[in-house]
Amino acid sequence: MRIAYFDCFSGAGGDMIAAALIDAGADPDALRGQLDSLGLAGYQLEIGKVSKQGFAGTRFRVELDASAPRPHRHLKHVVEIIERSSLSERAQATSIAVFRRLAEAESKVHGCAMEQVHFHEVGAVDAILDVTSAAICLELLGIKRVDCSPLPVGSGTITCEHGVMPVPAPATAELLHGVPIAASEETGELTTPTAAAILTTLAEGYGPVPAMRLQSTGYGAGTREGRHRPNLLRVLIGESSASGESDLVSILETNLDDATPQTVAFATERLLATGALDVYTVPIGMKKGRAGVLLTVLCDVQRTAEFEKIIFAETPTLGIRKFQVQRAKLHRRIETVQTAYGPIRVKLAEHGGTIVTASPEYEDCREAALREGIPLRVILETARLAWQSRPGRG
């Protein structure tokens, strides 16, 4: 599977994303041909090499004609432009998904319905070209998965359509909910709303560089000049060398020495019922010889605050340690087998295309055991044998 990893060490702009992909090998002539089908007028597209603090990169610049009209578009107008084009279904769907995400963020920030959002800057010709170019270039490069580093947002203020606003801009902050952001010594707006919408729509994971066989590297140049680091966005493209899958998860943990067993048990039940990926406890020795419990929760990064709230509400802890880790996992799917005791689901795990485990679903087996008056271990073994005897299993 071909993957792209965006290394946002100096932030990201919509133009920088397109530029990095072109620098990594996307054909600019093929891109221009597809952009022409959007039917947009009043601009010139400049693609060329530049230098940023001694490092070469590609600049993707939309130069607007001074006399060209600049209408404030609603979401429906942008969608109509994209749907009328000859872009592939995938590129259209990706571009529209990005603009819908932008509209959702703007509607929350301004307190209005999505249909009422005036896109202002992000509905301009250059933003439409940035978004659609990113979608087109990913397809030209055959990218099947996108991952991203934590995003630096910068600091200070910016001047926009609505006046002076703090960094990150309100729409950017809304788009980055649940996404890991990074500190940076650079001031100014490092990640723009357009880039935030593109990356949070496309990225399936955030964290360090994933395992891959590196094939190409691209650098997209921004317009500002960095004080401490070159204003470049790097993209790494290659074939995934991982046999399974990976994602970024949060780990929350706290030491408890004054919680009753009932309290810990109830907290565990609530966390699991709310959707924690895993919850477990380990007996530990604490200060003054007290026996205690280490409570650990694994959860989706985007839901970290939700599970923190439950831990604080259901336990007497005064603090929670939290960190993010990359998790390797096997690809999983479910098959149903027919047995003498009824249908039983079997969870299959694959590694490198080979099934390495086949585990009958406990709840199905438990229900069959109670219904039929048969020992649970008999149901489990019957389901396992039923799966193994299916045609082609061997």
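1. In this predicted model, phenylalanine 6 touches Ile17, Leu21, Val146, Asp147, Cys148, Ser149, Leu199, Leu233, Arg234 and Val235, once residues up to four places away in sequence are set aside. Phe6, Ile17 and Leu21 are also the residues that touch the most other members of the largest nonpolar core, which has 65 residues. The element that gives the most to this core is helix α5 (residues 125-140), with 9 residues. Another core lies apart from it and has 13 residues, including Val279, Cys299, Ile310 and Ile320. In soluble globular proteins, nonpolar side chains tend to be buried together.

2. Ile17 and Leu21 are among the buried residues of helix α1. Why can α1 (residues 14-23) be called largely enclosed by the rest of the structure? The reason is that 10 of its 10 residues are buried. The buried set takes in Asp15 and Asp23 as well as Met16, Ile22 and the alanines Ala18, Ala19 and Ala20. Just after α1 comes glycine 25, with a positive phi of about 135°.

3. Helix α10 (residues 362-372) has Asp364, Cys365, Ala368 and Ala369 as its buried residues. Viewed down the helix axis, these fall within an arc of 130°, and therefore they line one face of α10. An α-helix has 3.6 residues a turn, so residues three or four places apart point the same way. The exposed residues Glu367 and Leu370 sit on the face of α10 turned away from the buried side. Packing against the buried residues of α10 are β19 (342-351), β20 (354-360) and α11 (376-388).

4. Glycine 292 belongs to strand β16 (residues 291-300). Is glycine 292 buried or exposed? Its relative accessible area is 9%, and the cut-off for buried is under 20%, so glycine 292 counts as buried. Leaving out neighbours within four places in sequence, glycine 292 is in contact with Leu256, Asp257, Val282, Pro283, Ile284 and Met286. Tyrosine 280 is 12 residues from glycine 292 in sequence, and the two are 14 Å apart in space, C-alpha to C-alpha.

5. As for the chain as a whole, its secondary structure comes to 11 helices and 20 strands. The C-alpha trace spans about 80 × 60 × 45 Å along its principal axes. Of the 394 residues in the chain, 45% are buried. Where contacts join residues at least 6 apart in sequence, 69% of them join residues at least 24 apart.

Key: Residues numbered from 1 in each chain as written. Predicted model: local features only at pLDDT ≥ 70, side-chain atom pairs only at ≥ 80, totals over all residues. Heavy atoms only, no water. Core = buried A, V, L, I, M, F, W, Y, C linked by side-chain atoms within 4.5 Å. Buried < 20%, exposed > 50% of the residue type's maximum accessible area, 1.4 Å probe, protein only. Helix = DSSP H or I, 4+ residues; strand = E, 2+ residues; numbered from the N terminus. Contact = heavy atoms within 4.5 Å. Arc of directions from axis to C-beta.
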